[in-house]
Amino acid sequence: MIDRQLALACLLSLISASIALAEPGQGGEAVPETDAPPAAPPAAPSPASPAASPPASPAAPAGSTETGPAESNELDGPPGAVPATVPPAVQPPPPGFRPTGTRPEPSIEEAQKAAQAALDEQDDPDGLPLKELRVFAEVFGRIKSDYVEQVKDRELLESAIRGMLAGLDPHSAYLEPEQYNDLRVGTSGEFGGLGIEVGMEDGFVKVIAPIDDTPAQRAGIQAGDLIVRIDDKPVKGLSLSEAVELMRGEPGSTIKLTLMRDSEAKPLQVEIERAVIKVASVKKRLLEPGFGYLRIANFQARTTDDLVKAVEALQQKNDGPLKGVVLDLRNNPGGVLNTAVGVSDAFLEDGLIVYTEGRMEDAKLEFHAGPNDVLDGAPLVVLVNGGSASASEIVAGALQDQRRALIMGNPTFGKGSVQTIIPVDNRTALKLTTARYFTPSGRSIQALGIEPDIILERGSLTLAAESDVAPLKEANLMRHLEDDRSQSDENDASASPDNPDQEAEQDQEQPLAAEDYQLSEALNVLKGLAILGQTPAAAAKAGVADADAEAAASSPAPESSSTP
């Protein structure tokens, strides 16, 4: 601890000296100390040491240095003579006098050499890197003296802080007052902008996911798009906060984004009108009688409560318990960790949800589920894709490892780290990566993501044109057998192409497969689980039991023995 304090003090001294040298008119010769005590009279030369006073040159007076001849004064005597004894209070020290046992303030060069020597002797790997601190001080001083424009010390130090955090990982950052306020407003669910969650990749702004019902989603922005220009201004070289600042503006104003997309050979230009973004955390609807749909756009402070209310509303609309639910986490960029735990807990009755590990003791946490499954054990299918990140992956990983849900879609984003907001003062804060999180089975999601149980490629379904001629059925054949006349009449009426009510209903409702192919496939799987009356956990156990039975059946039976 003392070594660190000494090193920091040395760094501050170097910075102060660099600033002093950088300021014009502040340099000059060192002023000798005036309060140093005089030296004791020198001893007479010993007769046994003739080389001590060579005859060819006069003896140097006491207090002289090797930098040049000593200045003469009224106290100097002839060569070899012993000076008269004078009381210390009366005799002043000669110019350039350096008393034994004292040293002047070190110069910058001496401080640098001392720091380098300490660095060479340093064995503690956790100690401060004195060489790099010396380089920092030199760069700081050089900027102060040589940069084309004068820069304030505060600006240089704030830039150094931002650079330190930006060099750690894409998610750590120094939050200035405006950014700190935007973060607090964003977690509340209402903010201004385009409605996209973004990060940095190779110096460009990467779209993690567009938020539902926002200008970005309506303009066709997709997860994975790289933003290379903002209003014809290159993004390369900008920090993430600077790029976000350019994309925000007054509601109603327009912005032009230049995008790079994997599926397109040329850059795309999209013009978007800014708006006030109000994020609806949870959306709900009945896909079919008994089967519900829950969409979580992002994880806000109130998401868990909204989810429970949405399930209750679906059950009330269904006039009874639900047979199954599709939970849609596609393009969900994440959010609050505690909310992800709450959403997972809503579908689990016990077991581990997620745990985190970090260097600090308070970063090592475990979260467990409590009783009361909001679906009462009904089958659950979770949809994910490459835009599902962070908190979304926590939910998907917990439900997958606990065999509570079947995961369908595409591999997720792979953000397995936890960021903590650490206030520096009332206006600024640090967003610092403090831990990694792991699924109940111990999987790390960082840079890997969640692998779905069933892969669903993204695509669209084009419906075949309907024929003008209705298909022929048994009821249309002459002299067909009739079992129940009333039921047959109802079937004939419903099958007749001349039924105007049926045609109107078909015209108004588009098949789910044409609207959302992945959701349609998830619903089909959910129906299968409901028909079998099994949750994914029960299905997995049944699959293991069937495999064991099949293995036992295929093994040769032991030969029977007989006793003669």
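Among contacts in the protein chain (heavy atoms within 4.5 Å) between residues at least 6 apart in sequence, 67% join residues at least 24 apart. This is a predicted model, where local features need pLDDT of at least 70, side-chain atom pairs count only at pLDDT 80 or more, and totals for chains, interfaces and linings use all residues. Residues are numbered from 1 along each chain as its sequence is written, and side-chain values use heavy atoms, with hydrogens and water left out.

The protein chain has 15 helices and 19 strands, taken as DSSP runs numbered from the N terminus (helices are H or I with at least four residues, strands are E with at least two). Of its 564 residues, 32% count as buried. Here buried means under 20% relative accessible area, exposed means over 50%, and partly exposed is in between, with a 1.4 Å probe and protein chains only.

Because 10 of its 11 residues are buried, α10 is largely enclosed by the rest of the structure. The buried set includes E393 and Q400 along with I394, V395 and L399. And what covers them? Among the elements over the buried residues of α10 are helix α9 and the strands β12 (324-328), β13, β15 (380-384), β16 (406-409) and β18. After α10 comes R403, with a positive phi near 55°.

Now for α9 itself. Two packed helices are described by the angle between their axes and the distance between the axes. Helix α8 (residues 303-317) and helix α9 (residues 337-347) have axes that come within 8 Å and cross at roughly 25°. The axes are lines fitted to C-alpha atoms, for helices over the stretch in contact, and the angles run from 0 to 180 degrees between N-to-C directions. So α8 and α9 are roughly parallel to each other (under 35 degrees; over 145 is roughly antiparallel, 65 to 115 roughly perpendicular and the rest oblique). On the α8 side the contact is made by T303, T304 and L307, and on the α9 side by T339, G342, V343, A346 and F347. By class, that makes 4 nonpolar, 4 polar and no charged residues; Ala, Val, Leu, Ile, Met, Phe, Trp, Tyr, Cys and Pro count as nonpolar, Asp, Glu, Lys and Arg as charged, and the others, Gly among them, as polar.

On to the rings. Phe, Tyr and Trp rings (for Trp, the six-membered one) pair if their centres lie within 6.5 Å, with planes under 30 degrees apart called stacked, over 60 edge-to-face and the rest tilted. By this rule there are 2 aromatic pairs. F136 and F140 make a tilted one, 6.4 Å centre to centre with 35° between the planes. They sit 4 residues apart in helix α3 (residues 130-146), so about one helical turn separates them. F136 counts as partly exposed at 34% relative accessibility, while F140 is buried at 6%. The Y355 and F438 rings have centres 5.3 Å apart and planes at 15°, so that pair is stacked. It links distant parts of the chain, with Y355 in strand β13 (residues 352-357) and F438 in strand β18 (residues 429-438), 83 residues apart. Both Y355 and F438 are buried.

Charges turn up over rings too: K236 lies over the face of F204, 4.9 Å from the ring centre, and the charged end of R285 sits over the Y293 ring, 5.4 Å from its centre. The test is NZ of Lys or CZ of Arg within 6 Å of the ring centre and within 35 degrees of the ring normal.
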